[in-house]
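Here are a few friendly notes to read alongside the model. Please keep the 3D view open as you go.

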Amino acid sequence: MTQTLKLIDIELEDYSLENGLRVVLNPDDSIPVVSIAVYYDVGSRNEREGRTGFAHLFEHMMFQGSENVAKAEHFQFIMKAGGTMNGTTSSERTNYYETLPADQLPLGLWLESDRMRALAVTQENLDNQREAVKEEKRLRYDNQPYGEIFDILGSMVYKNFANAHSTIGSMEDLDDATVDDVRDFFRMYYAPNNAVLVLSGAFEVKTAKELIEKYFGSIPSQTKPPAIDVTEPAEVAETYRKHEDKLAPLPAFLIGWKIPPRRDPEHIALYLAGKLLYDGDSSRLYQKLVKGEESVMQLFGFTDERRGPSGIMIGAIPKADMDLDRIRKTIVDEIKLMASEGPSEEEMDKLRNQLISSEVRSSQSSLSRAQGIAECTLYDNDPSLINRELSQYLKVTAAEIQSAVDKYLNTDNRSLLDIVPSGNSN
Amino acid sequence: MSENFRQTAPESLGVIPFNIPNPTKTKLSNGLEIVLLEDRRHPIVSFRLAFRSGDINDPKDRIGLNAAMASMLNEGTEKHTSKALAEEIERFGANLSVSEGLDNTIVKASTLSMYSGQILELMAELVLSPVFPQKELDLYKQNTIEGLKFQRSQPDFLADEQVSRIVYGAHPYGINSPTAEDIGKLTRTDLVDFHANTFLPNNAIMIVVGDFDSGSLRAEIEENFGGWNAGEIRNPELEDLPARSRRTLTIVDRPGSTQSNIVLANLAIKRDHPDYFPVLVMNQILGAGASSRLFMNLREEKGYTYGAYSRVYSKRYAGMFEATSEVRTSVTGESLKEFFYELNRIRDEKASDQELADAKSYLTGVFPIRAETQGGLTGLIVSQLLYDLPADYLETYRENVDAVTLDEVHRVAGKYIDVDNLAIVIVGDAEEVIPQAKEFAEGLEIFDTDGKEKDAESYNKPANGAVPVNVAGTWELSVEAQGQKLPVTLVINQAGDSITGNLESMLGEGELSDGKVNGNSVSAIAKTEFQGQEIELGIKGTVEGDSITGVMTTSMIPIPLEFSGLRK
């Protein structure tokens, strides 16, 4: 029942500067806005023991000023121009982006190029941002019930230190960071040859190329950063842990499995299986647990998509006084069922329509397009994949989903994290 | 070192005009307003069926009714069970949901345009023939009651509960959540009646933006909704808003909290007030974003927090101004000082021309970005219609922002930031917060996380006339640190209500300072070394005879360490 829909390809032009900076341009004049995305090939996966939280701390430092931009002026320039901006750090990369009225393209390129070439790394900036990061950790992780559980599960599923530690890092490691450490980190990872620049929105290609050459062309390249090893054994690192959470009002649990890297066909099949299992009111586990057994207050799951070995996590906050083992058995049984019979025709139709809808929706936003293109360029070295990704997902068959579930999820090779409330808040 | 052109910010390439085209407006004979805006750029359609009826329309003895009715619309219709509905909608890759708030309830859908006919039909089912099955209602009630417990573990919720109560008083805006008792009272008949009374075509607007042909779509809307009968619109029962005569401090005690959630709030303007644009610009300068005064002070300069902001909530009947931040517990007092510094500054001194220009250029510049996606554009149109803003509101938005003057910003800051009568609400560790915050207000109320008021007198005050108990001696303690029990020896010398001494453990030794005894409460600070670093350990205990229990806190560890022990 899926009707055919011809989606228009995103127009792309990609090239590299002499200093190694990869550039991709996506002109689209529907609305007079432009989004700029700069992705640096550094994430928590690049951190070694004793230096966790560095990539993320560094993301904060990047907003503290550069040679020609005073401390915190980055925010101010963007806001003054009527733009929005942010940056995020993940295991895979650090990204910086802004969306501006189209006439302010030069401003965005000036700001991004100045901090790429000459970030102001000072003791004062380091100290201030270290405190801000600690507050962020307190706000999001320490002071929230269930704040840390995804990080804990990550450390159970992945064995390799590069994959297993959290992006926010430890307070002790952050305290140990010196100004020299930060300068070295900058030089190594924040180089044009270690970055991708994407523009999406309303601009003239010729003008954009000239501006990019003007602002980025003279930034010197640096030595390539050291290669990292993100290989994992097939087994999860730890199969069971109990974690006491002083702020949690109810017990909860999370289960994690290790799955192949993001572009592997089996990873894609498992991502789709995940959607059928836990995504939306018609998902199997929602209907079985939230509705059927009425045993769960909140069901959640996601695919931890990485360039290397990845993960799938499914969890629940059960209602009070529920039998957690029984809920987990339902999850395991549902996985067994999908492993033996695979998804139905209706479920495959649903997946196809959802994938197409999602693609259309995100293609409306210049920022979504820029980010998607940047990922394909940084991770896969092929920006044109942005126009072919959807078909990779659409061509997955029910049999492929069934077989991937059987191989990777229908197994005892998984991590179970039990979260137990231990505070007064009952 | 830099090339010349890098030394200053570059010029604009030349502003590209942007205008939102005007939607077409018609009405069905039953009063349903239809607003259509064709947008063929992407093969999707966004629907919003918006009702000017919300949580404030709840009868006084049926709080939570509108939210229940709204949530239950997709839990079963005459044609489809809850499960079948979920399957139908998700099979099309579409979204169909209901959102409710204090003023309005909106049925929202978005879909690929090739399925828009089917989705419109499903919307009509939800709105015209919901069944509110008893079984689903029972589940909803059970889940909602469980959810309320969970809510109480969220500091934001706890702050909001107090702020709403204090600022809005008995007005329906003062209720931020039903209680378990409220939910327990709801019956299926209540929902059926409430739906019939509030879901009226003459109280609703159907807004559609996207890839469709207006003529055909209007006919489809007529087909689906034409038979819907108009009815008498009942306005919500409103109460007078409370008048304030002093600043108050309300604390929600969350012992051991590593942060204080601070909210400073007072009544402000409603959505269609003529001061809307000056207030918008003033708030942009003060605290709307990351380059505003509050953020720059409390986060960038002082490092107290991850973020500090101010917001103006303007609803249909009233509104509120609020300044907020989540700060390290130990700098609660300093943060309040900075908040008041900024709130007074924007009232006492005119802002600078530069700040005014920057605020305006943000608000006007960001406007097209908000309208970039179909969802964003639809949201802007829905707001304009629901709040009965002028027909040219979106067209003239940027002009109105540009017209605001420094004098107007100064005037509205003085008028709507009621510095002397603010409600200060802090969710955090009461024992730590009270001494830091009490100087900023008259009056102190304390609540626990269940929302129950506690006796403020019993917090952190010396028992009147109580003789300090004898705490001198050598105490052998066991401290719970990260799953392990650590033996610690505390040697205390006492002179009246002050104590000195030292603390010894296998990790180090340190002298006590700031030692006090209040009745049977003991407190002190020990400076000691831990893994080569000097740390401050806060010690607080309660003595009963020869036994002591309490907590130790240090900034290195996010949660307090419980201890107990005996005097030798």
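1. Which residues have the most contacts inside the largest nonpolar core? They are Ile401(A), Leu32(B), Leu49(B), Val107(B), Ile221(B) and Phe225(B), in a core of 89 residues. A nonpolar core here is a set of buried Ala, Val, Leu, Ile, Met, Phe, Trp, Tyr and Cys residues joined through side-chain atoms within 4.5 Å, and buried means under 20% relative accessible area (1.4 Å probe, protein chains only).

2. A word on the basis: this is a predicted model, where local features need pLDDT of at least 70 and side-chain atom pairs count only at pLDDT 80 or more, while totals for chains, interfaces and linings use all residues. Residues are numbered from 1 along each chain, chains are lettered from A in the order in which they are written, and side-chain values use heavy atoms, without hydrogens and water.

3. Now turn to where the chains meet. The contact involves 88 residues of chain A and 86 residues of chain B. Together the two chains bury about 7400 Å², with 57% of it on carbon and sulfur atoms; this is the accessible area (1.4 Å probe) lost on being put together, summed over both parts.

4. Seven salt bridges cross the interface of chain B and chain A, each a side-chain nitrogen of Lys or Arg within 4 Å of a carboxyl oxygen of Asp or Glu. Arg328(B) forms a salt bridge with Glu135(A), with the closest N and O atoms 3.7 Å apart.

Methods:
Buried < 20%, exposed > 50% of the residue type's maximum accessible area, 1.4 Å probe, protein only. Contact = heavy atoms within 4.5 Å.
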